[in-house]
Amino acid sequence: MSKYVKYALSAAALLTLTACAGGTEEAEGVEGDSSTASSGQTLSAVTDRGELNAGVNDQLPGFGYVDSDGNYTGFDIDIARAVAAAVLGDADAVNFRPLSAQERFTAVQTGEVDVLVRNTTWTASRDTEVGLNFAPVTFYDGQGMMVNADAGVSSLEDLEGMIIGVETGTTTELNLADQMDAIGVSYETQTFDDRDALIAAYQAGSVDAWTTDRSGLVSSFAVLDDPDGHVILEETLSKEPLAPAVLHGDDQWMDVVSWTVFALIQAEEFGITQDNIDDFMDSDDPDVRRLLGIEEDLGGYLGLDSDFAYQAISQVGNYGEIYDRHLGPDTQFDLPRGMNALYEDGGLHYSMPFR
Amino acid sequence: MIDERLHIKGEMDSRLEVTDAPRLKQDGQTPFFKALKKNLFDGPKNTLLTLLTALFSGLVLYQVVQFAVTNSWDVVYIHLRLLMIGQYPLEELWRLWFALYYASLMIGGTWGLFKGAGKAVALTFGSVFLAFAIIPWTTLNTTLNLVACLLLMAGGYLLGSRFSVLKIPALVLWALYFPLTLGLIMGFGGLLDPVLSRYWGGWLLTVILASVAIIGCFPLGILLALGRRSELPVVRYFCIAYIELVRGTPLIMVLFIGQLLIPLFLGGQTGMDNVTRAMIAYVFFAAAYLAEDVRGGLQSIPGGQYEAAQALGLNKIKTTFFIILPQALKAVIPAMVGLFITILKDTSLVAIIGLSDFLGTARRISNNPEYLGRYLELYVFVAVFYFIFCYLMAYVSRYLERSLSKGSR
């Protein structure tokens, strides 16, 4: 008899287990719908707390990492700091919560973080099924391919029969398969858990090419033994627009984050920088006056102080400054602005008008 | 002792070879060389093997030394603070030093009072302190604090070896150590400035997580083991279900459940930070494994022990806690310490839930653009550090096992 009870219990245990396992995957969609925030909730929570909870990456060179003194720094980190400056008037009032790729969406859904600035690609399913809302794109990335300069490869077609290294658990592997299927090139993949291992294998010649986001490829030049011996193919395998994300449903908070990002871009358009912003305070240009909150209370409409853009720009800098600080020519990445230039310079960044 | 034996062997050899012509030459050789010849170069096959092994070991050694010498290791020493304590605020550093002082004094005292394995623990900690104190790139402040730790340890030893009446106070102080230092590190729930768990990192986080898991799983695991042998079906089946469910689940999943499902079920407003959630996950996970280890011990106790206790008029509770458990636990020390070592190393899995333990901090540092690609030195440092402490645990366990089983031999 007791044997049967035991079996029954194990079966029940197994069921619970599978339910749990299923739960982790489905939780995103289900909970995303039920736990949507109501408008205004997040902003008042942040101001009451006096601190912005920002979900970030702590292991992505240039975008989010920890410097030698233990401070969070990077491109994404500065975007989060700009939001804190706009909302709370203090760019340092941020609680950075390092998130792994797996837990990042749950952290937004449960309200553990107010904003997710963690090199997250804006996709349809994340915007809908996962229950996120995306602020304007802060960085246009795309998947690229690195090959040896003397391998005679100049396009994806030349990779016929070669071994391509990718990281596991990323969309890059799927993108690669999609692209290669589309152009009918057969190849072999070798997957790696860890980028360091992938680069080591590439350098040792056990893979002929490797693929990841272009920003990642460029940053890897710093670790290659012979940086001049490698090239990144012109072709882009996928679009990877990286944008800050907030929980679906709180429109006011969504507006706050969006217009903070726009303010950073608008400031670069106007040539307003961290250093010269005070010279603009007596500007006659009505556009500038509205952006900086001297004329019309645009900040008030967002539920913020009228000087929210001034705070963000003066404490963190405009978009171009943030870019140059972490990815620009003075850094070892020296990543060309490309798509990330302002629209006037042939890029894609374009602020909606402040009026 | 070994030398003596070799010596005798050597003499016997020379006696055997008394008639050989090259005796004069042999006389000039020390017993050590003779033993060497006999054990390593005895016949062509052995000589070849010896040479090959020597060649291989030499090659490996050369590579290791070359690695150690040619690398500048600056990536390790610049980030020593991050690796050890993460982002713990500098102005509150005294709390950690106090914890280390306390530990040093107690380790020294324990060595003096109880001898035995305390010596190995004290010497290991002492060497690590000394190593960190004498490497040139630690700040003066750190060096002074480490020297103070060493002095406290020596003082503890002297006190302990002189006054054996301190045994009971020492045990009480040990029992208080963990709650006291953890309270201090956190700020005693508001008495001092609270240092939130988000600032814990590196080796500090690893040690805190592992200690909480080990200390927390102990009572829970014993209760589960006893429950599994209970005569009450509800208790028994609950314990079996719990143990089997947890043991049938990967640790990563338990961590994910703790990290993702708890806040989803409780609406995210639990006020429980992610370190606490990880601690809970580890305690519950480790308890199931400990329960099985302890059950093994319980089953090894012969029925005569129960009967004898009954004959002496002890009730069930007294029998369990004074007769059965002490023997059962003693029997499974190796298995338990094996589990504890596993827990210490498994704490590095918290990297997947965004925490930065010792290994996670090394990964973080290797992603600092200034030190891109310098992961090898960091990982070697992390491995050596883990090895020292895991080996120490294993050594102490072996010692305890030997000294506790003296009666039964």
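## Model and conventions

Helices (H or I, at least four residues) and strands (E, at least two) are DSSP runs, numbered from the N terminus. On that basis, chain A has 13 helices and 14 strands.

This is a predicted model, in which local features need pLDDT of at least 70 and side-chain atom pairs count only at pLDDT 80 or more, while totals for chains, interfaces and linings use all residues. Residues are numbered from 1 along each chain as its sequence is written, and chains are lettered from A and ligands numbered from 1 in the order in which they are written.

Of the 355 residues of chain A, 44% count as buried. A residue is buried if 20 or more other C-beta atoms lie within 10 Å of its own, exposed if 12 or fewer, and partly exposed in between, with C-beta atoms placed from the backbone. Two residues are in contact if their C-beta atoms, placed from the backbone, lie within 7 Å. Of the contacts in chain A with a separation of 6 or more, 72% are between residues 24 or more positions apart.

A nonpolar core is a set of buried Ala, Val, Leu, Ile, Met, Phe, Trp, Tyr and Cys residues joined through C-beta atoms within 7 Å. The largest such core has 72 residues, and the members that touch the most others are A:Leu52, A:Ala80, A:Val83, A:Val115, A:Leu264 and A:Ala312. Helix 9 of chain A gives the most to this core, with twelve residues. Another core, of 69 residues, lies apart from it and includes B:Val294, B:Leu298, B:Leu355 and B:Ala362. Residues up to four places away in sequence aside, A:Val115 touches A:Leu52, A:Ala54, A:Ala80, A:Val83, A:Pro244, A:Val246 and A:Val257.

Helix 9 of chain A (residues 251-270) has 20 residues, 15 of them buried, so it is largely enclosed by the rest of the structure. The expected span of a helix is 1.5 Å times one less than its number of residues.

Helix 4 of chain B (residues 44-70) has 27 residues and should span 39 Å; its end C-alpha atoms are 38 Å apart, which agrees.

## A sheet in chain A

An open sheet of three strands in chain A has the order 2-3-4, with antiparallel pairing. Strand 2 (59-60) and strand 4 (72-73) stand at the edges with a single partner strand each, so one side of each is left without a neighbour in the sheet. Two strands pair if DSSP finds at least two bridges between them. Strand 3 (residues 64-66) and strand 4 of chain A are joined by two bridges, and A:Val66 has A:Tyr72 in strand 4 as its bridge partner.

Chain B is assigned domain 1 (2-70) and domain 2 (78-408), with bounds from an automatic or database domain assignment. The C-alpha centres of these domains lie 45 Å apart.

B:Phe285 lies in helix 14 (residues 274-299) of chain B and counts as buried because it has 23 C-beta neighbours inside 10 Å. Neighbours within four places in sequence aside, B:Phe285 is in contact with B:Val246, B:Leu251 and B:Val254.

The contact between the chains takes 33 residues from chain B and 39 residues from chain A. On the chain B side, helix 13 (251-265) is one of the elements that give two or more residues, and helix 13 gives the most, with eight residues.
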